[in-house]
Amino acid sequence: MERCLSFYRKNNVFAVGKKISESEIASKIHLLLLEYQPDIVIITGHDAYYKKKGDIHNIRNYKNTENFVKAVKEARRFEKSHEKLVIIAGACQSNYEELIKAGANFASSPKRVNIHALDPAIIASTIAMSERNKAIDLVGLLDKTKYGKDGMGGLMCNGLMYVGYPR
């Protein structure tokens, strides 16, 4: 988390980090969203796909994807609009499809690969520093991450920064 917070500071993006166990995120996210009123929330931690269990689509074959899905759904209860609250969710080898279905704008991991700790921060910073009225180059954004479209995926969106003059 410190590495990500340092990355945000270097990129002039205000960020708050909270260390919460994966199993508790869903029960705590509503109060955190009320307190901080963020434009972007990242729901991450540790995850793993258990290959020996088989079916890649069964959410129970993952260490924490189910916890992340519950947290995403809880965040979407707080704010339904994908434009007002951007949710980036998942971790190494997470079930990408279930996270997107739950309401995440961006998620890991389409190819069930490990992701770099900074991948969600790269996505969040790019969206935060891009103009609100301009669409994000989704392919270009994913190419900025360590494993590209294999590690992270998401939905088309606009930036979140209001631009004024003079600035």
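Ser108 is buried, with a relative accessible area of 0%, in what is a predicted model. This residue sits in the loop that runs between strand E3 (106–107) and helix H5 (119–128).

**Around Ser108**

- Since burial is taken as under 20% relative accessible area, the value of 0% places Ser108 among the buried residues.
- A polar atom of the Ser108 side chain lies 2.7 Å from the backbone oxygen of Ala91.
- When neighbours within four places in sequence are left aside, the residues in contact with Ser108 include Ala89, Gly90, Ala91, Ser94 and Asn95, and also among them are Tyr96, Leu99, Ile115, Gly151 and Met152.

- Strand E2 (residues 86–89) pairs with E1 in the parallel sense over 4 bridges, and Ile43 stands opposite Ala89 in E2.

- In helix H1 (residues 2–10), the buried residues are Cys4, Leu5 and Tyr8.
- Seen down the axis of H1, these buried residues fall within an arc of 100°, and therefore they line one face of the helix.
- The face of H1 that is turned away from the buried side carries Glu2, Arg3, Arg9 and Lys10, which are exposed.
- The buried residues of H1 pack against strand E1 (40–43) and also against H5.
- Asn12, whose phi is positive and near 55°, follows H1.

**Around Asn64**

- Asn64 is found in the loop between E1 and helix H3 (65–78), and this residue is buried, with a relative accessible area of 8%.
- The side chain of Asn64 reaches the backbone oxygen of His46 at 2.8 Å.
- Not counting residues up to four places away in sequence, Asn64 touches Glu22, His46 and Asp47.
- Between Asn64 and Ala135 there is a separation of 71 residues in sequence, and their C-alpha atoms are 31 Å apart in space.

Key. Residues are numbered from 1 along each chain as its sequence is written. This is a predicted model: local features need pLDDT of at least 70, side-chain atom pairs count only at pLDDT 80 or more; totals for chains, interfaces and linings use all residues. Side-chain values use heavy atoms; hydrogens and water are left out. Helices (H or I, at least four residues) and strands (E, at least two) are DSSP runs, numbered from the N terminus. Buried means under 20% relative accessible area, exposed over 50%, partly exposed in between (1.4 Å probe, protein chains only). A polar contact is a pair of N or O atoms within 3.5 Å; within protein, one must be able to donate a hydrogen and the other to accept it, and residues adjacent in sequence count only if both atoms are side-chain atoms. Contact means heavy atoms within 4.5 Å. The arc is that of the directions from the helix axis to the C-beta atoms. Two strands pair if DSSP finds at least two bridges between them.
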